[in-house]
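Me: I have a model open and would like to learn how to read it. Could we go through a few features in turn?

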Amino acid sequence: MSSAQVPITSVSDQPPIWEWVRVRALVIDSVSSPHSRRAYTTAIDDFRRWSEGPPRRTFTREAVQQYRVHLESRAMSASAVNLHLTAVRKLAREASANGLLSHESAAAIVGVKGCRRKDVRSGAWLTPEQAQALLDAPSRDSLRGKRDRALLALLLGCGLRRDELANLGWNRVQQREKRWVIVDIEGKGNRIRSVPMPPWAKTALDIWTADAGIRNGALFRAIRQKGDVGNALSPQAVYLIVRRYAEQLGIKIAPHDLRRTFAKLAHRGHAPLEQIQLSLGHESVVTTERYLNVRQNFADAPCDHLGIEMENL
């Protein structure tokens, strides 16, 4: 029986396999960020596969605790484990609210503790040489290569998330204060920001859109087998494009690592921290610092740059 055919069961402390599809949709609809929707979808589907076994498990506190142990055995980071558990807790709340799980069982599941974060997983960065090699990897002659060069240029040059790039429309690229800017990007937490573009990224984008004949709608689109331009790329397609060129160079990175690289290279180039924060759309500067992997430098410390002297000591 498929998940869509699973009947709704009566409220019980030990419910059998219940209607995943409806409750899963309720959980995913409860979050607004595309990134969170994607993460919750992955987590819930992973929990479902695990719970259906073998052995098949009912939706109880004990089962969720076992699932946490299972996640930890996969060498997942503490933040990844906690994200999966957050999705499962939301699943329990929605199941209870819709009469598929008793309030007592739901409360017990919600009470399952997550993992204590011992460290911060900071991700990966490219060196300037690696970033340049990645930008140069796509062909300059094919339409697909021109698209991919523009795609990589905006990820590296503007620090965009992959879903932000996939949803980027023609009308978002505008001139502000005599430079080209991607305006009114809606990021995580519904925060709106505008991001300046480096000239080389704008040039790469112009070459792609001119050859593809794009004058409205989505900027980045699929290219069909016959070579004509199709519909907008999905965030997953952006991920696969980045991974393909990274593998050609022997580098293991994801699109988000290009966002980190943007931040780190800008910081090394002495861009102000608050301006990097604004470009990334971070609510807290602490998150930006985490992207930069900043470490205290005792040899060249901030106190050495104050421009103050004390005489006659």
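Me: What is the mean pLDDT of the chain, and what share of its residues reach 70 or more?

Reply: This is a predicted model. The chain has a mean pLDDT of 85, with 86% of its residues at 70 or more. Over residues 1-18, however, the pLDDT is below 50. Where pLDDT is low, the predicted coordinates should not be read in detail. That caution covers the 43 contacts that residues 1-18 have in the model beyond near neighbours in sequence.

Me: How do helices H7 and H9 pack, and at what angle?

Reply: Two packed helices are described by an angle and a distance, both taken between their axes. Here H7 (residues 143-158) and H9 (residues 199-212) pack at about 150 degrees, and their axes are 8 Å apart. Angles over 145 degrees count as roughly antiparallel, so H7 is roughly antiparallel to H9. Their crossing is left-handed.

Me: Which residues make the contact?

Reply: On H7 they include Leu 143, Ala 150, Ala 153 and Leu 154; on H9, Trp 200, Ala 204, Leu 205 and Trp 208 are among them. By class, the contact has 12 nonpolar, one polar and four charged residues.

Me: How many aromatic pairs does the whole structure have?

Reply: A search finds four. A pair of aromatic rings is described by the distance of the centres and the angle of the planes. For Phe 47 and Tyr 67, the ring centres are 4.9 Å apart and the planes stand at 70 degrees, so this pair is edge-to-face.

Me: Where do Phe 47 and Tyr 67 lie?

Reply: Phe 47 is in helix H2 (residues 34-51) and Tyr 67 in helix H3 (residues 61-73), so the pair ties together parts 20 residues apart in sequence.

Definitions and conventions. Residues numbered from 1 in each chain as written. Predicted model: local features only at pLDDT ≥ 70, side-chain atom pairs only at ≥ 80, totals over all residues. Heavy atoms only, no water. pLDDT = per-residue confidence, 0-100. Contact = heavy atoms within 4.5 Å. Axes fitted to C-alpha atoms, helices over the stretch in contact; angles between N-to-C directions. Helix = DSSP H or I, 4+ residues; strand = E, 2+ residues; numbered from the N terminus. Parallel < 35°, antiparallel > 145°, perpendicular 65-115°, else oblique. Left-handed = near helix turned anticlockwise from the far one by under 90°. Nonpolar A, V, L, I, M, F, W, Y, C, P; charged D, E, K, R; others polar. Phe/Tyr/Trp six-rings, centres within 6.5 Å; stacked < 30°, edge-to-face > 60°.
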